[in-house]
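Hi,

Have a look at the structure, then read on.

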Amino acid sequence: MQWVKVLGGLVGASALLGLGIILGHFAIPKGADAPAPGVSVSQDLDLEILESVMKQLDASKIRENLRELSREPHLASSPRDEALAQLLLQRWRDPESGLDAAEAPTYEVLLSFPSREQPNRVAVVGPTGTVLFSCRQSEQNLTGEQGGPDVVPPYAAYAPPGTPQGLLVYANRGTEEDFMELQTQGIRLEGTIALTRYGGTGRGAKAVNAAKHGVAGVLVYTDPADINDGHSSASQTFPNSWRLPPSGVERGSYYEYFGDPLTPYLPANPSSFRLNPDTVPGFPPIPTQPIGFEDAKILLCNLQGTLAPAAWQGALGCDYKLGPGFRPDGDFPADSQVNVSVHNRLELRNSSNVLGIIRGAVEPDRYVLYGNHRDSWVHGAVDPSSGTAVLLELSRVLGTLLKKGTWRPRRSIVFASWGAEEFGLIGSTEFTEEFFSKLQERTVAYINVDISVFANATLRAQGTPPVQSVIFSAAKQIPAPGLDGLSIYDNWIRYFNRSSTAYGLVPSLGSLGAGSDYAPFIHFLGISSMDIAYTYDRSKTSARIYPTYHTAFDTFGYVDKFVDPGFSSHQAVARTAGSVLLRLSDSLFLPLNVSDYGETLRNFLQAAQRDLGVLLEQHSISLGPLVTAVEKFEGAAAALGQRVSALQKDTPDPLQVRMLNDQLMLLERTFLNPRAFPEERYYSHVLWAPRTGSVATFPGLANACSRAMNTSLGSAAWAEVQRQLSILVVALEGAAATLRPVADL
């Protein structure tokens, strides 16, 4: 791939200048890549350049970017998706505001689409086979944008084809516990159709859980209680407010894993080995179809049977009952059934990533990555185009400085527009698979800005502990939109905060799951990562996400009128993410505070001691080695911080700076153990793997204890608890060793 050649070529040329230049990089590369006279290549962050970038980021240009990006639907691999890839290439190759290089590598990946010839259908069928009621096959065309030929009908990607028919049951959110509750109520689930609502568990897990209990098909809808604060009438919803209209249907991938389904751990290149599509793990086992809440109301409000538990009730205006089947005094004969006809098909398609590169002047072999996906389910104005609009504006400002010869970063910057994210983080995962070693060796951090603005109340950031300090530093210097005298940091702390033993009251930094393209970077590669966005005031809404998520109503007009009029929150995100990017690319010492990991480890340890200590003692398992390992890490992190402070007061040797920065960069990698979670694909970070246990502690320990809880002394489950504890101790001791002086073996 060309981006590797562009960066690698510069490193190779620098080798001619000697070992000190390769490692220290305080000499400026010669020849064609040398900066012009007057270019800012200072050894540390140039605050004047930073301030200039902040001022140039233009809300009106972000708005125009979004208008163009969301003008037409751009489903992954569609002609419009590829046209947008060309648009990014054009911008990044612009002679006045472009970057050093731009490429669009392509992968051949397995995607899932509904059949145009046989549309998916959900119907109530009478005893003689007569269709008594059919759910909508498309959303209502409220603004003239929902009825175009490129609007993909609602469907559950990767759900298998089939036409199951059976009595309807209501299964709440489709969790394992929900189906067990139905069985406890004496409901026979074999051969039924389960109506579930979004939330509570992953999309695909609903079908997996249902199939375990013999359910033949699954329907999924969004309840107004979960997304609209209970409002459901046409006058209360889009286009009259930001709320989801009754016909709105959330599309989504129901694939259990991420990455191309046929090439796990391998890039989806033509020569790569591929699994048999008929036996690929992770697809829903039974036909599944999403529907709107106006149709769900007709089905659910006609059910007979036991009244559903209070926690299962919603806002459709009736008492939710469990079924099975319809009540005799309702709209359908009592023995009517629901037919689910799914005709999805799997297709190999070409999907492009677009990469734009700015070569570093001093350390070109150190990469700061900034990315977002490009593809959407329909118009995707919020998801993902709000993030891409910010990406284009930030790269325009930096590209203009670059072309004018007034700035070049210390380290290389790689901008990325990922393909096929909506189908399971495919583009970013294939990229990490193809360049696994190079990225692990050279990547400083990954910045993800997917949905840049959910709403316009406050900043929301997620990330691993070392990035907390650089996000805080950026947020403190940027004014909060519409709030005179308050910084983004000041406003953020009003909405999301926590008490820190080290700093007092600070904004809460969320942890990273697998909801966007940061997942392969943190879980698979162990690269310090973050996700930055603006979001809503949770005291004013209980919506689990912005209401038109993954529907045909997520349009430019929706954003312009309801989400962020004036685009000041988009500008705030651009400034915050841009400041973080420049601090990571230009600072002499990487602004990654490894001591902040100590607070997380201490909290995890205390939770284990408090909630698991007695249980572990009963099985002769001691937390003593873990306590010692945490203490070692805390000591090593504090000592490293002192070394950084001492060097900052001096004129450090380039090699010293390089060695210390490598310790900061590589710390996250020490928490990887690819054999820690053999049941999980790509998850190898022992601190941030999925946690299924109820105790908020180290995930491997929490999960193992949860599984062993009711097993006998000396069982294999308790042996796994001991194994997970050993994995943790080794990882923490390895992390501490990485932070000690390089010469200390």
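The largest cavity has a volume of about 170 Å³. By cavity I mean a set of points, on a 1 Å grid over the protein atoms alone, where a 1.4 Å probe fits but cannot get out; the points are joined across faces, edges and corners, and the volume is the space filled by probe spheres set on them. The lining of this cavity holds 21 residues (each with an atom within 4 Å of a point), and R136, Q137, S138, P154 and Q289 lie nearest the centre. Two or more lining residues come from each of β3 (121-125), β11 (288-290) and α9 (293-300). Helices here are DSSP runs of H or I with at least four residues, strands are runs of E with at least two, and both are numbered from the N terminus. By class, the lining splits into 9 nonpolar, 7 polar and 5 charged residues. Nonpolar covers Ala, Val, Leu, Ile, Met, Phe, Trp, Tyr, Cys and Pro, charged covers Asp, Glu, Lys and Arg, and the others, Gly among them, are polar. With a threshold of 30 Å³ or more, the count is 5 cavities.

Before you go further: this is a predicted model, where local features need pLDDT of at least 70 and side-chain atom pairs count only at pLDDT 80 or more, while totals for chains, interfaces and linings use all residues. Residues are numbered from 1 along each chain as its sequence is written, and side-chain values use heavy atoms, with hydrogens and water left out.

Now the pockets. A pocket is an open set of points with protein on both sides within 12 Å along at least five of seven lines. The second largest pocket holds about 360 Å³ of space. It is lined by 18 residues, and L75, S78, R116, D150 and V152 are the closest to its centre. Both α5 and β13 give two or more residues to this lining, which divides into 9 nonpolar, 3 polar and 6 charged residues.

You meet α5 again in a helix pair. Helix α4 (residues 59-69) packs against helix α5 (residues 79-92) at an angle of about 150°, with the axes 11 Å apart. Axes are lines fitted to C-alpha atoms, for helices over the stretch in contact, and angles run from 0 to 180 degrees between N-to-C directions. On the α4 side the contact uses N65, E68 and L69, and on the α5 side R80, L84, L87 and R91 (contact means heavy atoms within 4.5 Å). Those residues come to 3 nonpolar, 1 polar and 3 charged.

β13 (residues 345-352) also has a partner: 8 bridges join this strand to β2, and the two run antiparallel. Strands count as paired if DSSP finds at least two bridges between them. In β2 (residues 106-113), 6 of the 8 residues are buried, where buried means under 20% relative accessible area, exposed over 50% and partly exposed in between, with a 1.4 Å probe and protein chains only.

Another open sheet has 4 strands in the order β4-β3-β12-β6, paired antiparallel. β6 (165-166) and β4 (131-134) are at its edges, each with a single partner strand. β6 pairs with β12 (residues 337-341) over 2 bridges, and G166 has V338 as its bridge partner.

Finally, two single residues. H685 sits in the loop between α20 (654-666) and α21 (699-708), and is buried with a relative accessible area of 0%. Leaving out residues up to four places away in sequence, H685 touches I522, H523, Y597, E668, F671, L672 and F677. A702 lies in helix α21 and is buried too, at 4%. With the same exclusion of residues up to four places away, A702 touches R691, G693, V695 and T697.

Cheers
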